[in-house]
Amino acid sequence: MSSLERLAAAPVVAAARSAVADAEGVWIVGGAIRDAALGREVADLDLAVSGDPGEVARAIGRGPGESVFELSVEFGTWRVISRDGGWQVDVSALRGETIEADLGERDFTIGAVAVRLDSVEPIDPFAGLSDLAEKRLRAVSEQSFTADPLRLLRAPRLAAELALEIEPRTISLARAAAPRAADPAGERQLTELRQLIGGPDPLCGLELLGELGVTGAVLPEVEHLRGVEQGPNHHLDVYDHTIAVLEHTLEVEGDLERFAVDRAAEVEALLDEPLADEMTRRTALRFGALFHDIAKPATKAERDGFVGFRGHDEVGAEVIGEICYRLRASRRLTQHLQGLARHHLRLGFLIPEMPLPPRRVHAYLRATDPVTVDVTLLTVADRLSARGVGPIASPEMVSAHLTLAREMIAAGLEWRREGPPQPLLRGDELSAELGIEPGPELGSALAELEAAQFAGEVTDRMGALQHLRR
């Protein structure tokens with residue numbers, strides 16, 4: 001069976017064919033054809049129609065429980081989602097008078113291929129199937145990037161995802177248009193970045209972003225990390241260290257049994273949880289690696305020959321807030337990424353105190369919640385990336401850090417499941433018993449009681465009152 005015959009056999013194509021009475025003016029375009037040619041499963045379908053896209057979408061979505069809605073008034077696009085979520089169809093009006101004209105308006109040749117809904121014969125005016133077979137990414141026209149600057153992000157994302165080589169002419173066109181990469185709406189930029197960072201080869205994707213000159217336009221804060229030298233604990237500048245941390249983050253993801261031991265399955269499930277903005281915690285952790293030292297250029301100071309970055313954790317959280325605002329990220333994603341930056345130094349500071357007393361464990365859990373497990377994994381990747389001659393880069397410190405990280409991952413998972421200890425006394429009870437008015441002092445008393453309970457220092461109400469009176 002040929003690749004396009006496999007396309008015709010896909011359930012989503014069968015559903016569309018059975019629903020559309022007249023397929024003469026309806027074509028399958030873009031990603032579904034590409035995925036079929038690569039031997040991938042086709043679950044999403046893009047259709048271009050010469051008539052009313054809403055009418056075609058409603059015809060496809062007539063089944064019970066299927067959802068049909070207008071996705072974009074500007075682009076005349078409708079979406080159909082199957083009842084079980086197993087497939088999705090986007091229906092758009094032709095971008096020209098003919099299907100060939102429509103394909104000429106598309107971004108890359110591998111997506112400028114069409115098949116009429118009732119056929120298996122490809123319409124391939126730009127030799128996109130040949131480019132795909134030869135692992136080449138090529139722009140359809142000289143105007144590809146200026147017509148839609150979002151394609152400047154899509155090019156490295158597709159090249160990394162599909163292991164394609166961007167051909168020289170396309171590289172030249174992209175570099176010429178690179179300053180316009182930040183023109184599209186922030187949420188559109190974030191979608192492409194999410195797919196690039198969350199994709200199979202984010203390191204390649206980021207390298208291509210830089211090669212095309214796009215990083216400076218879309219993520220100037222990341223570009224500014226280049227050439228920022230560090231102290232003796234690091235053998236790389238901040239940019240290369242950041243890439244190394246991302247590389248080690250991928251290593252940690254791929255070998256959780258080494259870093260989380262018998263809690264590996266729980267950590268795997270946590271990383272796969274949806275977080276926000278169509279992003280899992282796994283993808284957010286990768287963004288955390290990319291942004292964890294984002295404020296080092298702004299906080300760099302040299303004293304007595306030693307380079308330091310005091311406060312880069314807190315300032316980094318502020319910078320991340322600015323980036324997320326620009327990209328129109330949700331509050332939840334913003335706060336998650338800020339938490340990763342704000343707390344990525346904490347675990348390292350605790351190593352000299354090992355073995356940690358229960359109160360120090362409690363303080364770490366309380367401070368880092370709800371990103372405890374995530375940020376602990378990030379500290380592992382960060383520590384593995386420090387290969388300088390300074391003390392924190394020694395094999396003994398790395399080993400101690402990994403040991404403490406395993407303990408904190410386990411404690412973080414327990415805290416996540418059980419939460420903090422149930423208070424032995426409510427705030428109003430404490431206020432009445434100790435004569436403390438509601439306010440900061442009462443809050444401090446409640447926090448002290450929680451820490452004492454966690455440490456096993458108090459186990460009942462009377463003991464709690466005696467402890468607080470002392």
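Predicted model: local features only at pLDDT ≥ 70, side-chain atom pairs only at ≥ 80, totals over all residues.
Local features here need pLDDT of at least 70 and side-chain atom pairs count only at pLDDT 80 or more, while totals for chains, interfaces and linings use all residues. Residues are numbered from 1 along each chain as its sequence is written, and side-chain values use heavy atoms, with hydrogens and water left out.

I begin with the cavities. A search of the whole structure returns two cavities of 30 Å³ or more. A cavity is a set of points, on a 1 Å grid over the protein atoms alone, where a 1.4 Å probe fits but cannot get out; lining residues have an atom within 4 Å of a point. Grid points are joined across faces, edges and corners, and the volume is the space filled by probe spheres set on the points.

The largest cavity has a volume of about 40 Å³. Its lining consists of Leu 190, Phe 287, Phe 291, Ile 323, Cys 324, Leu 327, Ala 329, Leu 333 and Leu 337. At least two lining residues come from each of helices H17 (281-291), H19 (312-326) and H20 (331-343); helices are DSSP runs (H or I, at least four residues), numbered from the N terminus. By class, this lining has nine nonpolar, no polar and no charged residues. Here Ala, Val, Leu, Ile, Met, Phe, Trp, Tyr, Cys and Pro count as nonpolar, Asp, Glu, Lys and Arg as charged, and the others, Gly among them, as polar.

The second largest cavity has a volume of about 30 Å³. How do the residues of its lining divide by class? There are four nonpolar, two polar and three charged; among the lining residues are Arg 157, Glu 161 and Asp 201. Helix H8 (151-162) gives the largest share, three residues.

I turn now to helix packing. Helix H23 (residues 372-384) packs against helix H24 (residues 395-418) at an angle of about 170°, their axes lying 9 Å apart. Axes are lines fitted to C-alpha atoms over the stretch in contact, and angles run from 0 to 180 degrees between N-to-C directions. The pair is therefore roughly antiparallel (over 145 degrees). The contact (heavy atoms within 4.5 Å) includes Val 373 and Leu 377 of H23 and Leu 402 and Met 408 of H24. By class, this contact has eleven nonpolar, five polar and one charged residues.

Finally, Thr 283 is found in helix H17. Thr 283 is buried, with a relative accessible area of 9% (buried means under 20%, with a 1.4 Å probe and protein chains only). Leaving aside residues up to four places away in sequence, Thr 283 touches Arg 194, Ile 197 and Gly 198.

Technical notes
1 Å grid on protein atoms, 1.4 Å probe; cavity = no way out; pocket = protein on both sides within 12 Å on 5 of 7 lines; lining within 4 Å. Parallel < 35°, antiparallel > 145°, perpendicular 65-115°, else oblique. Buried < 20%, exposed > 50% of the residue type's maximum accessible area, 1.4 Å probe, protein only.
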